[in-house]
Amino acid sequence: MLYAVPTLLGITLIIFFVLRILPGDPLVLLYGEGGSASISEADKQVIKAKLGLDKPLYRQYGEWLKDVLTGDFGKTFARGDSVAEIIRHRGIMTGEIAIIAVIVSWLVGLPVGILGAVRQNSVADYVARFFTIIFLAVPSFWVAVLVVIALLTVFSYRSPLGIIYPWDDFVGNMRIVLAPGIVLGLATAAYIARLARSSLLEVIRDDYIRTARAKGLNEGTVVLRHALRNALLPVLTLSGVLFSLLLSGSVAVEQGFSVPGLGSALIQAFQERDFVVVQNLVLLYGFLYVVINLLIDLAYGWLDPRIQYT
């Protein structure tokens, strides 16, 4: 937990100062080249003062940290919308996509990895490895575009536009988030399947596994109750790393499926050079990544009693 504090602080430093280094003037993006050129210097200073851009960088950084700690994420440059409202409204759909992707990745990847380890070098193992390599090689956003085109041309189907919450219309909500969640889940399932296979192959050759078999236990009990629990430790670690891929991958996949989630808001904010939105959304992604990895570290002690935290 103490390591998480300087990590988050480093994330805020990188986000804040890199965004200020990037070329481009927010006033040009707000008013256009002609509109910005026609504004007097005095008016520009007034506008920058309202946006908080006239202060030294260290003061802007300090005020941003203060706002984050108090839950006030500011407002967008272009429309004046509250960033906290954007996170609340759009974060639901992005969170649903991530949850569906994690469930799909484990439901698909773990059984495929177990099958490949138990039936090593069999036809089923070769087929599983063939498809995992394909899903590792093909980018998720490209698969998303193919799925959208196929649904539109073959079935004349298009997912609903706009934000639909699950408590308002569960079916309509699933029509929006299910396809991108499955696409992201299949991509991450390939990583889990390969690591689960290699980890389980290593564990089932240990002495205690041979002892369990010598006791007369059936193969299913040996694999699922004895070998799999220890083999899950590296898979769990990888899942934390893949969570960051789900967050970053959702940005492109949401664009492909036209999902109005945080990924779409982040791309729009980049195009508008909206510092406030970008730095808060990227910080949110970084915070979630750090918290997930912290929970995974704590889960090691539950999976393996030999691991102790003092």
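Predicted model: local features only at pLDDT ≥ 70, side-chain atom pairs only at ≥ 80, totals over all residues.
Trainee: How are two packed helices described?

Mentor: Two packed helices are described by the angle between their axes together with the distance between those axes. Here, take helix α1, which spans residues 4-21, and helix α4, which spans residues 57-70: their axes come within 11 Å and cross at roughly 135°. The crossing of α1 with α4 is right-handed.

Trainee: Which residues make the contact between α1 and α4?

Mentor: On the α1 side the contact is made by Leu9, Thr12, Leu13, Ile15, Phe16, Phe17 and Arg20, and on the α4 side by Leu57, Gln60, Tyr61, Trp64 and Leu65. Sorted by class, this contact has nine nonpolar, two polar and one charged residues.

Trainee: How many salt bridges does a search of the whole structure find, and which side chains meet in a salt bridge?

Mentor: The search finds one salt bridge, in which the side chains of Arg88 and Glu85 meet at 2.3 Å, N to O. Both residues lie in helix α5, residues 83-118, and they are three residues apart, about one turn of the helix.

Trainee: Are Arg88 and Glu85 buried, exposed or partly exposed?

Mentor: For such a question, compare the relative accessible area with the cut-offs, where under 20% is buried and over 50% is exposed. Arg88 has 49% relative accessibility and therefore counts as partly exposed, while Glu85, with a relative accessible area of 31%, is also partly exposed.

Trainee: Now Asn173: where does it lie, and is it buried or exposed?

Mentor: Asn173 lies in helix α8, which covers residues 170-203, and with a relative accessible area of 0% it is buried.

Trainee: Which residues is Asn173 in contact with, leaving aside its neighbours within four places in sequence?

Mentor: With those neighbours left aside, Asn173 is in contact with Met93, Glu96, Ile164, Tyr165 and Pro166.

Notes:
Residues numbered from 1 in each chain as written. Heavy atoms only, no water. Axes fitted to C-alpha atoms, helices over the stretch in contact; angles between N-to-C directions. Helix = DSSP H or I, 4+ residues; strand = E, 2+ residues; numbered from the N terminus. Left-handed = near helix turned anticlockwise from the far one by under 90°. Contact = heavy atoms within 4.5 Å. Nonpolar A, V, L, I, M, F, W, Y, C, P; charged D, E, K, R; others polar. Salt bridge = Lys/Arg side-chain N within 4 Å of Asp/Glu carboxyl O. Buried < 20%, exposed > 50% of the residue type's maximum accessible area, 1.4 Å probe, protein only.
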